Amino acid sequence: MHTHQQKILVIDFGSQYSQIIARRIRECGVYSEIVPWRVSDEWIRSFAPLGIILSGGPESTLGENSPQIPECVFHLGVPVLGICYGMQAMALKFGGAVESSKHKEYGAARVSLEQECLLTQGIEDRYQEGALAAELDVWMSHGDRVTRIPADFRAVGVSANSPYAIIANDEKHYYGVQFHPEVTHTPQGQRLIERFVRDICGCAALWTLDNIIVEAIRKVKESVKGEHVLLGLSGGVDSAVVAALLHRAIGKQLICMFIDTGLLRHEESKKVMDVFAQHLGVRVIAVDASEHFYAALKGVSDPEEKRKVIGRVFIETFERESKNLGDIPFLAQGTIYADVIESAHASHSAEVIKSHHNVGGLPKDMRFKLVEPLRELFKDEVRKMGLELGLPYDMVYRHPFPGPGLGVRILGEIHPDYVRILREADHIFMSELVAKGWYDKVSQAFAVFLPVKSVGVVGDARQYDYVIALRAVQTIDFMTAHWAHLPYELLDIVSNRIVNEVSGVSRVVYDISGKPPATIEWE
């Protein structure tokens with residue numbers, strides 16, 4: 001049985017947690033995919049899931065044009081778990097009632113388990129002697145609530161504000177929870193998801209790292225056969241893992257091209273050549289195309305347009321340089337599943353926050369056929385694969401770096417001197433984070449160039465120079481994030497070094513915005 005033979009489908013109603021649901025399922029060793037609620041019945045039937053999870057969502061089931069559960073879901077004969085909005089939609093589907101609550105329920109809550117069901121049996125946070133019921137600590141986020149359950153469902157759990165916090169139909173294996181089991185704030189949430197996926201749906205743990213690698217190698221070999229594959233190495237985690245995987249799969253058929261866009265981190269080119277060319281024996285061709293990128297980006301200030309320009313020039317450079325290598329039909333990319341989802345290529349119900357370089361900037365008429373062996377993997381799965389394939393830890397666990405590089409960390413139009421300033425400032429920030437033991441304590445950190453000038457004093461003279469913003473966040477899943485509370489002493493050292501060592505900078509500020517409402521990157 002292969003990794004996709006037993007799988008769970010997540011139907012997305014626009015929840016910010018949908019990716020987390022899919023990741024939690026995969027942590028149970030079961031493959032999962034996310035699709036929008038508008039997906040066709042034909043697609044769902046062809047996917048053939050062994051179970052379906054209905055996500056939460058920002059809208060109300062009471063709205064005139066509220067998202068609806070696809071018609072075929074309850075005709076497949078598979079277990080269904082509704083979460084928050086998904087539970088409410090399911091209750092309405094079978095004749096229950098939902099009302100808008102006067103008292104919204106957000107944050108930590110406690111659910112009393114007044115009856116047992118297959119989903120919750122033996123799962124509890126406390127059961128005090130003399131208490132009427134076991135209890136679960138959960139995370140709520142809803143305004144509406146179910147006020148009458150369908151006739152063939154039982155009330156299993158209740159919270160202070162939700163008379164039906166858990167409902168169940170054990171005969172049909174339909175379950176609903178008003179809270180969010182997928183988030184870490186629900187301590188027993190992973191056990192609930194595993195109970196649904198493994199026990200109720202009967203899925204085996206086929207989605208394992210060894211199986212994923214074996215299957216990825218097989219698919220690559222079947223796809224490219226004896227042809228050569230060209231891969232653009234960026235220095236980031238995703239392209240590095242693709243290179244290691246393809247090198248294991250097809251050996252000398254892989255040709256890597258490292259294109260210096262002029263938008264890379266400090267000594268990026270040297271690090272890439274050291275690891276892949278010298279240590280792994282991969283064939284790497286280095287191309288300095290920085291002038292082409294700077295020329296194409298001149299006058300471009302819109303973030304989305306910058307991403308598309310960088311993607312276009314990247315492919316143009318590949319096509320131009322690859323002509324010297326003969327006829328290479330395949331282009332490999334480090335596209336991962338989160339890229340596809342966030343670019344709204346997989347979910348029409350999701351708002352396009354930003355286009356990702358790998359999936360948003362490719363010309364339709366390019367001559368390459370794409371090879372994207374990581375397209376189904378989340379970032380944490382990619383990192384684990386990288387270590388398994390022999391990549392060094394410090395490369396695999398480097399902080400995320402956007403495909404367009406420093407181009408989207410320079411606000412507005414890009415100039416070579418802006419890049420120089422940002423690269424030097426960012427290097428100082430990273431060096432101090434490493435030196436003070438904070439690099440691995442934060443999930444992502446970087447500097448941002450602000451195209452505004454601020455007055456400073458150099459010697460006895462007033463001088464107007466640019467501003468650098470520092471950004472450091474802590475997060476588990478990158479869907480939400482908190483700004484990192486770096487020590488004042490560390491920020492003081494970084495600020496002093498940047499202002500004194502980087503010409504053109506007069507002021508350093510620290511970004512204390514969370515996600516949401518901000519995104520992690522500035523563009």
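The structure is a predicted model, in which local features need pLDDT of at least 70 and side-chain atom pairs count only at pLDDT 80 or more, whereas totals for chains, interfaces and linings use all residues. Residues are numbered from 1 along each chain as its sequence is written, and side-chain values use heavy atoms, with hydrogens and water left out. Helices (H or I, at least four residues) and strands (E, at least two) are DSSP runs numbered from the N terminus.

**The sheet of 9 strands**

- An open sheet is built from 9 strands in the order β2-β1-β3-β4-β9-β8-β7-β5-β6, with mixed pairing; two strands are taken to pair if DSSP finds at least two bridges between them.
- β2 (31–36) and β6 (134–148) stand at the edges with a single partner strand each, so one side of each has no neighbour in the sheet.
- From one strand to the next, the twist averages 20°, where axes are lines fitted to C-alpha atoms (for helices over the stretch in contact) and angles run from 0 to 180 degrees between N-to-C directions.
- Strand β1 (residues 7–12) runs parallel to β2 and is joined to it by 6 bridges, and Ile11 stands opposite Val35 in β2.
- Helix α3 (residues 85–93) packs on this sheet, touching β3 (51–54), β4 (80–83), β5 (97–113), β6, β8 (166–169) and β9 (174–177), and its direction makes about 120° with that of β4; contact here means heavy atoms within 4.5 Å.

- Strand β7 (residues 154–158) is antiparallel to β8, with 3 bridges joining them, and Arg154 stands opposite Ala168 in β8.
- Ile166 and Ala168 point one way from β8 while Ile167 and Asn169 point the other way, and all are buried; buried means under 20% relative accessible area, exposed over 50%, and partly exposed in between (1.4 Å probe, protein chains only).
- β8 and β9 pair in the antiparallel sense over 4 bridges, and Asn169 has Tyr174 in β9 as its bridge partner.
- These two strands, β8 and β9, form a hairpin with 4 residues between them, and His173 in the turn has a positive phi of about 65°.

**His103 in strand β5**

- His103 lies in strand β5 and, at 58% relative accessibility, counts as exposed.
- His103 and Asn161 are 58 residues apart along the chain, and their C-alpha atoms are separated by 7.3 Å.

**The sheet of 5 strands**

- A further open sheet of 5 strands has the order β12-β11-β10-β13-β14 and parallel pairing, with β12 and β14 (369–371) as edge strands that each pair on one side only.
- Neighbouring strands of this sheet are turned by 30° against each other on average, direction ignored.
- Strand β10 (residues 229–233) runs parallel to β11 with 5 bridges joining them, and Leu233 stands opposite Phe258 in β11.
- Helix α7 (residues 268–279) packs on the sheet and touches β10, β11 and β12, its direction making about 170° with that of β12.

**Helix α8**

- In helix α8 (residues 290–297), Ser290, Phe293, Tyr294 and Leu297 are buried. They cover an arc of only 100° around the axis, which puts them on the same side of α8; the arc is that of the directions from the helix axis to the C-beta atoms.
- Glu291 and Ala295 are exposed on the other side of α8.
- The buried residues of α8 pack against β11 (254–260), β12 (284–288), α9 (303–322) and α14 (416–435).

**Aromatic rings and charges**

- A search of the whole structure finds 14 aromatic pairs; rings of Phe, Tyr and Trp (its six-membered ring) pair if their centres lie within 6.5 Å, and planes under 30 degrees apart count as stacked, over 60 as edge-to-face and the rest as tilted.
- Phe13 and Tyr85 form a tilted pair, 5.1 Å centre to centre with 40° between the planes. The pair links distant parts of the chain, with Phe13 in the loop between β1 and α1 (18–27) and Tyr85 in helix α3, 72 residues apart; Phe13 and Tyr85 are both buried.
- The rings of Tyr393 and Tyr397 are stacked, because their centres are 4.6 Å apart and their planes at 20°. Tyr393 counts as partly exposed at 47% relative accessibility, and Tyr397 counts as partly exposed at 28%.
- Phe74, Phe94, Phe153 and Tyr174 are linked into a cluster by ring pairs.
- The charged end of Lys7 sits over the ring of Phe47, 4.5 Å from its centre, and Lys441 lies over the face of Trp438, at 5.0 Å from the ring centre; a charge sits over a ring if NZ of Lys or CZ of Arg is within 6 Å of the ring centre and within 35 degrees of the ring normal.
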